[in-house]
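Please open the model in a viewer and keep the sequence panel at hand.

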Amino acid sequence: MDIVIRNGTIITAGGIFPADVGIVGERITALGEELRPELGRRLHGVVELDATGCYVLPGAIDPHVHLQMPAGHYVSSDDFTSGTVAAALGGTTTVIDFVEPKPGEPLLDALAKRRTEADGRVAVDYGLHMTVPTWHAAHPKELDALSEVVEASVPSFKLYLAYEGLRLDDAQLYRVMKAIAGAGGLPIVHCENGPICEILRAQAVAQGNTTPIYHALTRPPRQEAEAVSRAIDLAALAGSSLYVVHVSCAEAAARIAAARLQGEPIYGETCPQYLTLTVDDLDGPHGERFVCSPPLRSQADQAVLWDTLARRDLDVLATDHCPFTTDEKNGIATNGRPRPDGHADFTAIPGGLPSIEARLSLAHTLGVRAGWLTLERWVEICCTNPARIFGLRRKGQIAPGLEADLVIFDPDRRLTIQAGRTLHERVDWSPYEGLVVQGWPRDVLSRGRVIVRDGEFVGEAGWGRFVLREQG
Ligand code: MN
Ligand code: MN
């Protein structure tokens, strides 16, 4: 063996037990009591990690991140290196980002280009989802290419029901879902009713209601729930499964739970921000920072989302990490100049929040310790389900033969969240600033290599690889 993790408590989706973990090369090779490295290997420097008092978890998987994502005058502030280093420090050993093809750009060309941005720069393994925007949905040649995209290890497709240029109408959504199902892929859908939001936004602006709170008031829960229902029904008509990203409210969660009760293959995701922040944050002194879509909701919605996660009608806790600096949130473009068109109202604020680093710990502190989640369920929603749903066959669990992506998590370590100090995301604020979390990763392994040691990053940019994924 090359590495033995001793005396830890293994936490998996299926159970909790004390065991040592043996690793050779990139794989887990043994799981048992008091593993002894072979004598010969010991002479050649087997690394022993003592996990006494700690949990040993599968490396966490964040299947919804936006690193160096262009958004109008802005680019999300974490690049593939800074974002994956922060992810690693927080116990996340695989991220899945997005390809966003431009009108007229073939899907496969856009995929190749996005890979050149990430390959050689990521500190942990990464995958990509393919976006099918409005232009591509209308071009049969592009829909024919979906099976080639699946073969290129990108078997999940991001579809939008909001945002002009991305948004699919009912006919497009149906056609694209049918093509995705035919190619053996999974549609993952941003469910908000774009046209309704546009009407409400225009009304608010016309009435001079331009402060950040109107971002939430013009994207009410019911329009999200409507879009979730529509996606569920069109997926059924198209013979497709469906993954709903960033479920933010009780009403949308209820639509998913009802479909699952009927046995429909619907997956649901929520994010830390919807479990911990509320619409009131948009009314505070830094309201502009908290603009994200769907918007933050009420405390009552939070309780329902926690409960739905616990009851297993939501499957995944992902971040939707999409950081913008305070300047960017206030209308200073990424190039440092004021936006040429000014920043007069909430509709111009770049949307998205950072949280790639604290997800696992937030879910431990506010989910497990607060009594919403069992330890097993915590691992299931952060590690095991994302691997299963997104076709990462060798990740998300701890068993011989699987890749040695592992987190030694100290459940007693306290940390005060402070952007730029205790966090390593490349952004000058955190939505969780000042929050004291209990439980933080001590050591992190990516494919058998220690990349975080005692809370310090010791890996390297370029270590991460593009992951092989198989759907179904
Ligand atoms: Mn979205
Ligand atoms: Mn997103």
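Begin by selecting His64 and Asp320: both residues are buried. The model is a predicted one, and the values quoted on this tour are computed from it.

His64 and Asp320 belong to distant parts of the chain, 256 residues apart. His64 is in the loop between strand S6 (60–62) and strand S7 (70–71), while Asp320 is in the loop between strand S15 (316–317) and helix H14 (326–329).

Next, select the manganese ion (ligand 1), which lies 3.6 Å from the manganese ion (ligand 2). Which residues coordinate the manganese ion (ligand 1)? The donors are His190 (ND1) and His246 (NE2), at 2.2 to 2.3 Å. This pair also links distant parts of the chain, 56 residues apart: His190 is in strand S12 (residues 186–190), and His246 is in the loop between S13 and helix H11 (250–261). Are these two histidines buried or exposed? His190 counts as buried because its relative accessibility is 2%, and His246 is buried as well, with a relative accessible area of 2%.

**Aromatic pairs**

Now display the aromatic side chains; a search of the whole structure finds ten aromatic pairs. Select Phe80 and Tyr126, which form a tilted pair with 6.1 Å centre to centre and 55 degrees between the planes. Phe80 lies in helix H2 (residues 80–89) and Tyr126 in strand S10 (residues 125–131), so this pair ties together parts that are 46 residues apart in sequence. Both Phe80 and Tyr126 are buried.

Move to Tyr243 and Phe390. Their ring centres are 4.8 Å apart and their planes stand at 70 degrees, so the pair is edge-to-face; the cut-off for that class is over 60 degrees. The pair links distant parts of the chain, 147 residues apart. Tyr243 is in strand S13 (residues 242–244), and Phe390 is in the loop between helix H16 (375–389) and strand S16 (406–416). Tyr243 is buried, with a relative accessible area of 1%, and Phe390 counts as buried at 0% relative accessibility.

To finish with the rings, select Tyr55, Trp378 and Phe409, which ring pairs link into a cluster.

Centre the view on Leu445, found in strand S17 (residues 436–446). Leu445 counts as buried because its relative accessibility is 0%. With neighbours within four places in sequence left aside, Leu445 is in contact with Ile3, Ile5, Ile23, Leu49, Thr93, Ala404, Asp405, Leu406, Val450 and Ile451. Select Pro58 as well: the C-alpha atoms of Pro58 and Leu445 are separated by 9.4 Å, although the two residues are 387 residues apart along the chain.

**The second largest pocket**

What is the space in the second largest pocket? About 280 Å³ lies in the second largest pocket. By class, the lining of the second largest pocket comprises four nonpolar, one polar and ten charged residues.

**Backbone details**

First, select Ser293 and Pro294: the peptide bond from Ser293 to Pro294 is cis, with omega near -5 degrees. Pro294 lies in the loop between helix H12 (272–276) and helix H13 (299–310).

Then select Ser153, which has a positive phi of about 75 degrees although it is not a glycine. Ser153 is located in the loop between helix H6 (146–151) and strand S11 (156–160). With a relative accessible area of 6%, Ser153 is buried.

Finally, select Asp454. Phi of Asp454 is near 50 degrees, a positive value in a residue other than glycine. Asp454 is placed in the loop between strand S18 (449–453) and strand S19 (456–457). Is Asp454 buried or exposed? Asp454 counts as exposed because its relative accessibility is 57%, and the threshold for exposure is over 50%.

Definitions and conventions: Residues numbered from 1 in each chain as written. Chains lettered and ligands numbered in written order. Predicted model: local features only at pLDDT ≥ 70, side-chain atom pairs only at ≥ 80, totals over all residues. Heavy atoms only, no water. Helix = DSSP H or I, 4+ residues; strand = E, 2+ residues; numbered from the N terminus. Buried < 20%, exposed > 50% of the residue type's maximum accessible area, 1.4 Å probe, protein only. Contact = heavy atoms within 4.5 Å. 1 Å grid on protein atoms, 1.4 Å probe; cavity = no way out; pocket = protein on both sides within 12 Å on 5 of 7 lines; lining within 4 Å. Points joined across faces, edges and corners; volume = space filled by probe spheres on them. Nonpolar A, V, L, I, M, F, W, Y, C, P; charged D, E, K, R; others polar. Phe/Tyr/Trp six-rings, centres within 6.5 Å; stacked < 30°, edge-to-face > 60°. Donors = N, O, S within 2.8 Å, 3.2 Å for Na, K, Ca; no water.
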